Amino acid sequence: MVLAAVACAKSARALKNALLIKGRTGHVAEKVRAANTGATVPGHQQYCVQLVRNRDYEGFLASLLLPPESRSSVFALRAFNAELAQVQDLVSQKTIGLMRMQFWRQLIEDIYSDNPPHQPIAIELWKAVRKHKLTKRWFLRIIDEREKNLNENVYRNIQELESYAENAQSSFIYLVLEVLGVKDIHADHAASHIGKAQGIVTCLRATPYHCMRRKVFLPLDICLLHGVSQEDFIRGNREKNARSFCKNVPSKACPAFLQTVVLDDYLDRIRKVDFDLFHPSLQKRNTMLPFYLYIRSWRKIY
């Protein structure tokens with residue numbers, strides 16, 4: 001009955017309503033609707049939830065499937081991450097970007113000094129740090145890597161892109177694991193690989209946007225290997241795995257890796273359009289994504 005309803009869903013909203021039919025699935029849909037309307041969510045927390053919903057919708061959906069005691073902390077982490085991610089696109093001068101990064105660096109220092117500024121994300125992060133004893137190093141590593149990225153240097157090889165992804169993306173997942181109370185070397189190993197995969201996929205997904213700004217960040221060694229120049233991408237020329245650890249990763253860690261659903265979805269869709277990064281369908285949301293996320297969460301796999 002649930003599957004039939006899902007199959008008939010024409011949009012994400014229809015899907016969410018269909019999930020209300022029964023059982024735990026209904027609770028997931030209620031979480032989506034409550035987060036969409038801001039119902040029953042305190043002020044600072046609501047700010048973080050809405051910010052994530054607006055800027056990182058896929059992360060928003062994945063966060064709704066986390067255990068209730070962890071959800072508000074992860075929304076704070078995602079809000080922090082979203083703010084850092086947009087700095088490069090919002091500033092026209094590197095100096096201004098550096099000032100913003102210094103603001104967030106000082107904010108983290110203040111949080112760990114038990115003196116958070118009266119700012120929604122800061123307050124929610126402070127609560128998360130106190131509740132889960134989060135590691136300060138991961139926050140600073142994310143900021144440092146985002147700051148280095150303000151230079152907009154081209155990745156000379158895939159290793160440089162992986163290094164960026166490890167510091168910016170994997171560090172975030174390490175924090176989510178801490179929120180979930182997971183301390184496991186296999187989970188950390190999986191998080192490292194998933195973070196790198198997310199960084200690479202994000203680079204692919206952002207290529208059309210970057211090309212409109214006449215910038216290409218795909219690794220040069222890969223482009224040279226396939227005989228593609230940066231100008232080919234700018235002109236839009238179309239002619240030219242962490243799951244090995246899953247048996248050892250504790251099931252408690254799986255919610256931290258739900259982003260793999262988004263990665264799988266994008267890679268599957270790009271394959272269907274013959275790896276055309278500029279295909280219009282890749283810019284549209286997959287209305288089945290909430291269902292895929294729920295199934296993966298229910299099965300406790302990534």
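This is a predicted model: local features need pLDDT of at least 70, side-chain atom pairs count only at pLDDT 80 or more; totals for chains, interfaces and linings use all residues.
1. Helices α7 and α9. Helix α7 covers residues 94-112 and helix α9 covers residues 136-148. Their axes lie 10 Å apart and form an angle of about 175 degrees. Angles over 145 degrees count as roughly antiparallel, and α7 and α9 are therefore roughly antiparallel to each other. On the α7 side, the contact is made by L98, M101, W104, R105, I108, E109 and Y112. On the α9 side, the contributing residues are K136, F139, L140, I143, D144, R146 and E147. By class, this contact of α7 with α9 comprises 8 nonpolar and 6 charged residues, with no polar ones.

2. Helices α6 and α9. Helix α6, residues 68-90, also packs against α9, at an angle of about 15 degrees and with the axes 10 Å apart. Because angles under 35 degrees count as roughly parallel, α6 and α9 are described as roughly parallel to each other. Their crossing is right-handed. From α6, the residues L77, F80, N81, L84 and A85 meet F139, I142, I143 and R146 of α9. The contact of α6 with α9 divides into 7 nonpolar residues, 1 polar residue and 1 charged residue.

3. Helices α6 and α10. The axes of α6 and α10 are 10 Å apart, and the packing angle is about 165 degrees. That angle makes α6 roughly antiparallel to α10. The crossing of α6 and α10 is right-handed. The α6 residues in this contact are S70, S73, V74, L77, R78 and N81, and those of α10 are F172, L175, V176 and V179. In terms of class, the contact of α6 with α10 has 6 nonpolar, 3 polar and 1 charged residues.

4. Residue S170. S170 is placed in helix α10, which spans residues 158-179. The relative accessible area of S170 is 0%. Since buried means under 20% relative accessible area, S170 is classed as buried. A polar atom of the S170 side chain lies 3.0 Å from the backbone oxygen of S192. Leaving aside residues up to four places away in sequence, S170 touches A165, A191, S192, G195 and K196.

5. Residue A190. A190 is located in helix α11, residues 185-205. With a relative accessibility of 0%, A190 counts as buried. A190 and S170 are 20 residues apart along the chain, and their C-alpha atoms are separated by 9.3 Å.

6. Residue I111. I111 is found in helix α7. Its relative accessibility is 3%, and I111 therefore counts as buried. When residues up to four places away in sequence are not counted, I111 touches P116, A122, L125, W126 and V129. The C-alpha atoms of I111 and K127 are separated by 9.0 Å, the two residues being 16 residues apart along the chain.

Notes. Residues are numbered from 1 along each chain as its sequence is written. Side-chain values use heavy atoms; hydrogens and water are left out. Helices (H or I, at least four residues) and strands (E, at least two) are DSSP runs, numbered from the N terminus. Buried means under 20% relative accessible area, exposed over 50%, partly exposed in between (1.4 Å probe, protein chains only). A polar contact is a pair of N or O atoms within 3.5 Å; within protein, one must be able to donate a hydrogen and the other to accept it, and residues adjacent in sequence count only if both atoms are side-chain atoms. Contact means heavy atoms within 4.5 Å. Axes are lines fitted to C-alpha atoms, for helices over the stretch in contact, and angles run from 0 to 180 degrees between N-to-C directions. Angles under 35 degrees count as roughly parallel, over 145 as roughly antiparallel, 65 to 115 as roughly perpendicular and the rest as oblique. Ala, Val, Leu, Ile, Met, Phe, Trp, Tyr, Cys and Pro count as nonpolar, Asp, Glu, Lys and Arg as charged, and the others, Gly among them, as polar. A crossing is left-handed if the near helix is turned anticlockwise from the far one by less than a right angle, and right-handed if clockwise.
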